[in-house]
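User: I'd like to learn how to read a few features of this structure. Could you walk me through them?

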Amino acid sequence: MGLMAATGAPAATVPGEPSSSAPVRGQTVATLAAGWQELTNARTEGAAPFAIEDYISAARCAHCHETVHAQWRESVHRWSATEPFYRESVALLEAEAGVAVTAHCQGCHSPMAVLTGTVQRGERLPGLLEAEGISCIVCHSITAVTTDGTGSYVLRRPSLLDREGGDPATGATDEEVLADLPSHRRAMLAPVLQTSEFCAACHKGNLPTPLTGTRPMRDFSTYDEWQQSSYSGQSLVPGAASRSGCQSCHMARWAVTPERGTANRKLASHRWLGGNMAVPGFEGATSQQAREVARFLTNGLLRLSLFSVDPDTGARQWLPEGGANQLEPDRQGTCVVDVVVANRGIGHAFPTQLRDLIEVRRASGTAEPQSTEADRLDRQAAALAWRDLGRALLAEGMAAEAVEGFLVARQLAPEELEHLVEAANAMLTQPGPGAREDVLHRALALVSEVLALEPDNLLARFTQSRILAEAGRWAEALPGAEAAVKAFPRDRRVLAHFGQLALAFGRVDEAEAAFEALAALDPQAAHAHRALADIYGSTGRERQRDAARVRYLDWRPPGEPGSRGAASLRGHVRVAKVLRRQERLLDGARRYPPLEVQPTPRLVVRA
């Protein structure tokens, strides 16, 4: 559930509060509603709210863009404010805390409800505006975004023409638009529209202090998952993938028959195909949207691997699909199987966003592309299965077992040196009082083996730098960190590592630049704010120091000494109470069942 984020807000007159004709700048719209602050980051240019009459219906766009309008009409964006799962969640929040508080949700799901001040006044939008959800004019009127999320976008007053040197024209006729297409494109196609950061505005969310009762909490971030993946081209991570942004997959271009508003060229799809098989059911199970989503999800994006687990020793054995596999039960007649669902072609986590509301099932025969018996059973397939197992175990915090998986993968595919680097990285995550020196020595030996064969392997060099830094060999660690930050200046782990080393060598300006870049990429990076607070304080910038300290305390992981609300789960429990009434949500889910994959982390079979 969600869309994107920004940096500004319309002023609204709050019942019971004195009105002001001057726009309120630098505040979120929700600041003006019943004392709730920072519920949404949605803004309007100039900070003043729009009039409802400013809205331009998607039906108007259909005059010239029939094909795109038909796609949008079946999409999740169109249903964003009216599908039953969302409406139920918002109803629970409204019952708990009042209409104005739903600005937190509506900033992405029903932007015009917030940007017109309607929600803040405790009112509801007219039916048309609510029914259109995230419509054409919403996305195409956004002029700026940040990666803060929770609606971090700036939206200009809707207009169809943006003439050079003139004011935007809101009431242009079709004929006027067709007669001045350059001005129409300027009004509709802000450069930010084609970036993944555009999507970050709503496909990243946080629970603000007014909702938690304690301090902000991370909610979901599909954008961060993508930005830290190999698909973004911005992060130094294992696995080669062709660089692609959100629009590459979810708005793939296709040839279209020319129509009134379309030249003879390819258009970006406005179906926004993804993992949601429930919402397309609103148009009917056989709708074009449902068929397109099913095709999208059964295109070899996932790979399923099975491993038998010895109940006594924990030893694993790969069970290749199509192989002559036999499970040996223990004395109690129990067989244990690890099921690994590996992401093969998705540029973010799977599933993503609100995982507690997502049910994943496997559609029989469609979870992976068909292959021959030989393909399934060869050593390369086995190596990939073990590599996938290693990654899954590492994600579960089972570092030692993950190392074993990566090393088995290397034995099966000796030419794949990345398996050794992944094993070394897994070793670095192992807790190790007493045995830490031995762990670092083993990890260093693995990356040294890689570098002996490929001296320019940057991932190995960076991993070596991390090992050497932890061992206190800072001078030896610095060259690898410098090479990594030069090649990947937007990699979060690289920025943090280089920043710490730069500080150690007194290169304060470089450290400050690294941590500021990290904080810009990830505003919730507590360690970056802590480092910046120290840097600002040491250079006499007290105001910046204090602001960085506040951000550090806001985002410091719960449970650490000194963090706000570290010992309290009151806010989290309250949000769970409001948003996760599963019995009521499931009523809607049963009416619109999802695509058939329920990957079970561990399957226990009784003989």
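**Reading the model**

Analyst: Let's start with a helix pair: helix H23 (residues 508–521) packs against helix H24 (residues 526–538) at an angle of about 145°, their axes 9 Å apart. Axes are lines fitted to C-alpha atoms, for helices over the stretch in contact, and angles run from 0 to 180 degrees between N-to-C directions. Helices (H or I, at least four residues) and strands (E, at least two) are DSSP runs, numbered from the N terminus. This is a predicted model: local features need pLDDT of at least 70, side-chain atom pairs count only at pLDDT 80 or more, and totals for chains, interfaces and linings use all residues. Residues are numbered from 1 along each chain as its sequence is written, and side-chain values use heavy atoms, with hydrogens and water left out.

User: Which residues in H23 and H24 meet?

Analyst: Contact means heavy atoms within 4.5 Å. On the H23 side you'll find Val508, Ala511, Glu512, Phe515, Glu516, Leu518 and Ala519; they meet His527, Ala528, His529, Ala531, Leu532, Ile535 and Tyr536 in H24.

User: Is Ser196 buried or exposed?

Analyst: Buried means under 20% relative accessible area, exposed over 50%, partly exposed in between (1.4 Å probe, protein chains only). Ser196 counts as buried because its relative accessibility is 5%. Ser196 sits in helix H10 (residues 196–200) and touches Tyr223, Trp226, Gly245, Cys246 and Gln247, leaving aside residues up to four places away in sequence.

User: What pLDDT does the protein average?

Analyst: pLDDT is the predictor's confidence in each residue, from 0 to 100. The protein averages 78, and 76% of the residues score at least 70. Over residues 365–376 the pLDDT is below 50.
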